[in-house]
Amino acid sequence: MSLNELYREVILDHYRAPRHHEHLDSPDATAEGNNPLCGDEVTIELKLDGDVVSAIGAIGVGCSISQASASMMSEAITGKSRADIDELVRRFKVMMTIEESDDDIVDPDRPGAALGDLEALQGVRKFPVRIKCADLPWTTLTQALHST
Amino acid sequence: MTRIGQQSHLEIVTDLSHLRSDFPILDEKMNGHPLIYLDSAATSQKPAAVIEALDDYYRIGNANVHRGAYTLATEATERYEGARAGVAAFINADPDEVAFTRGTTSALNQIAYGWGLYNLRPGDRVLLTLMEHHANIVPWQLVSRHTGAELVYVPYTPDYALDLEALDELLDERVKIVGVSAMSNVLGTINPIRHIANAAHEMGSLVVVDAAQSVPHMPVDVKELDADFLAFSGHKMLGPTGIGVLYGKRELLEAMEPAEGGGEMISDVQLESSTWAAIPHKFEAGTPPIAGAIGLAAAVEYLEHVGMEKVRRHEIEITQYALERLGAIDELTIYGPPEVSRRGGAISFTLADIHPHDIATILDQRGVAIRAGHHCARPLARALNAPATARASFYLYNVLSDVDALVDGLHEAREIFGVA
């Protein structure tokens, strides 16, 4: 295991300068997630334009992995439809070994392919206690989407 | 400015390094490095003497206590009650003032549900401190829902001492219980229990002491402290998990109701009601943690052999060294008293904008085990405005080079996160 695989430059960049780290005016959907064991907190706010997430606020405090994951996720889902987001969430969870792949779309050697920058979080898989940090924003996003 | 690889130039005066070979786990490797265990405030490691006492009990001494009419059961009962006598003597209590519990949390719940539930009334107050662990907060919250008593908190001063002036102001005739940690598991602060007990008693209040961090690390004498109730855990003092102690002054225990009912704790059972066994057995419903008690007694024997004064002196030295070395790291903030005379060996800190979990992960890759988080004291974490901190804590098996390894790891964390 290498710390360089975990703390990739792109992760530290998102940690230091989180994107979409602002509350939205009158969001259409909101969910709060926290990890009581470590105190990581993430709030996801969504603006919906029909079926499409037109804007997101991803606000939180916590470790580099949880906050970078929230920031990268916010970039990845903006402008996407619910169906596309569901697929992205699924691919992310497969990459993080949270869910098993039930088809052959996901390349087992490179499960993060097609996830863009998010592939940088693949190194977290080798640090099992940190997987829940990376997953927190995604679970919270799913809650927000299901609340509408 | 300290650098990676700097070695301690100090010699420790109270050298206990010869004890390290008594702890089998210290020979283990973690992530390819020798284990450097700096999380004894969470749980301590166990010497072979304790592991063997547990092993012996299960191999050759196992029987239920207080009920068998055969020799094996009599011997088990003798060992169990002998363990009680040993643990009681360790804190200068009488054996019947010591009830075995699952741990500190369970003991504090027994006090809240056995004393608080029956004695607190609407308008009464339970005075706690902002330094309390959740174990000395949540049981009182639960009981307050039934009694209508109010919880009030004593703050701490800017130099991380309990605010005794505020305590004086808050301590009035409405207060029936003062719940206080003898040593904070986050700040390390040692609180003046005797002073607090005197003030509480003058107002007619009882004092409940959470001694989970103090009994393992310094001499504790319940009579000297004049504590009414005191709770601690075996696993933080070289003993097994699942065993702890509820101490209470005899007359208080006699008047207190049991929080749990069942076998072993009764004198007689009728269809509608029952009478209780004498103290301490009325607080030990069901089969007790027999092996745990025997293991804890072995731990107490081990600590007495080393000497608690020596344990404390060693901890003062290692904490002093750690405070100096950590204090020399730029942008490192320590949450706790700077003077070792008024603190224990748990040091909570943050480093620049590096989250404590990231610090813990980086240290773990070097075999250094520390805790990161709110340490089961969220009200304190909020007051500190530090939702999470990293915490290194020491015990008698730690050596100065463990501190050096911690500091080296923190410098690596700075490099990875690009902290100049």
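H20(A) is found in the loop between α2 and β1 (29-35) of chain A, where helices (H or I, at least four residues) and strands (E, at least two) are DSSP runs numbered from the N terminus. The phi angle of H20(A) is near 55 degrees, which is a positive value in a residue other than glycine. With 19 C-beta neighbours inside 10 Å, H20(A) counts as partly exposed; a residue is buried if 20 or more other C-beta atoms lie within 10 Å of its own, exposed if 12 or fewer, and partly exposed in between, with C-beta atoms placed from the backbone.

This is a predicted model, in which local features need pLDDT of at least 70 and side-chain atom pairs count only at pLDDT 80 or more, while totals for chains, interfaces and linings use all residues. Residues are numbered from 1 along each chain as its sequence is written, and chains are lettered from A and ligands numbered from 1 in the order in which they are written.

**Backbone details in chain B**

N385(B) has a phi near 55 degrees, again a positive value in a residue other than glycine, and N385(B) is found in the loop between α12 (378-384) and β17 (389-393) of chain B. With 7 C-beta neighbours inside 10 Å, N385(B) counts as exposed. Another loop, between β12 (274-276) and α9 (290-306) of chain B, holds P280(B), and the peptide bond that leads from I279(B) to P280(B) is cis, with omega near 0 degrees.

**Where the two chains meet**

The contact between the chains takes 15 residues from chain A and 13 residues from chain B, two residues being in contact if their C-beta atoms, placed from the backbone, lie within 7 Å. On the side of chain A that touches chain B, the elements that give two or more residues are α1 (3-6) and α5 (128-146) of chain A. By class, that side of chain A has 11 nonpolar, 3 polar and 1 charged residues, where Ala, Val, Leu, Ile, Met, Phe, Trp, Tyr, Cys and Pro count as nonpolar, Asp, Glu, Lys and Arg as charged, and the others, Gly among them, as polar.

**Helix pairs**

| Helix pair | Angle | Axis distance |
|---|---|---|
| α2 (9-16) and α3 (64-77) of chain A | about 85 degrees | 8 Å apart |
| α11 (356-364) and α13 (400-416) of chain B | roughly 120 degrees | within 9 Å |
| α2 (71-90) and α9 of chain B | roughly 40 degrees | within 8 Å |

Angles under 35 degrees count as roughly parallel, over 145 as roughly antiparallel, 65 to 115 as roughly perpendicular and the rest as oblique. The helices α2(A) and α3(A) are therefore roughly perpendicular to each other. Their contact is made by I11(A), L12(A), H14(A) and Y15(A) of α2(A), together with S64(A), Q67(A), A68(A), S71(A) and M72(A) of α3(A), and these residues divide into 5 nonpolar, 4 polar and no charged.

In chain B, α11(B) and α13(B) are oblique to each other, and their crossing is right-handed; a crossing is left-handed if the near helix is turned anticlockwise from the far one by less than a right angle, and right-handed if clockwise. From α11(B), the residues D358(B), I359(B), I362(B) and L363(B) meet L406(B), G409(B), E412(B), A413(B) and I416(B) in α13(B), a contact with 6 nonpolar, 1 polar and 2 charged residues.

The helices α2(B) and α9(B) are also oblique to each other, but the crossing of this pair is left-handed. Among the residues that make the contact are A76(B), R79(B) and Y80(B) of α2(B), and I290(B), A293(B) and E304(B) of α9(B). By class, the contact of α2(B) with α9(B) has 11 nonpolar, 2 polar and 4 charged residues.

**An enclosed helix and a buried tryptophan**

Helix α3 (residues 104-119) of chain B has 16 residues and reaches 21 Å from its first C-alpha to its last, close to the 22 Å expected at 1.5 Å a residue, the expected span being 1.5 Å times one less than the number of residues. Since 12 of the 16 residues of α3(B) are buried, this helix is largely enclosed by the rest of the structure. The buried residues of α3(B) include A112(B), W115(B) and G116(B), and the buried set packs against β4 (98-101), α4 (138-147), β7 (175-181), β8 (206-210), β9 (229-233) and β10 (244-248) of chain B.

W140(B) has its place in helix α4 of chain B and is buried, with 24 other C-beta atoms within 10 Å. Not counting residues up to four places away in sequence, W140(B) touches A112(B), G116(B), V126(B), L128(B), L151(B) and G179(B). The C-alpha atoms of W140(B) and L117(B), which are 23 residues apart along the chain, are separated by 9.2 Å.

Notes. Axes are lines fitted to C-alpha atoms, for helices over the stretch in contact, and angles run from 0 to 180 degrees between N-to-C directions.
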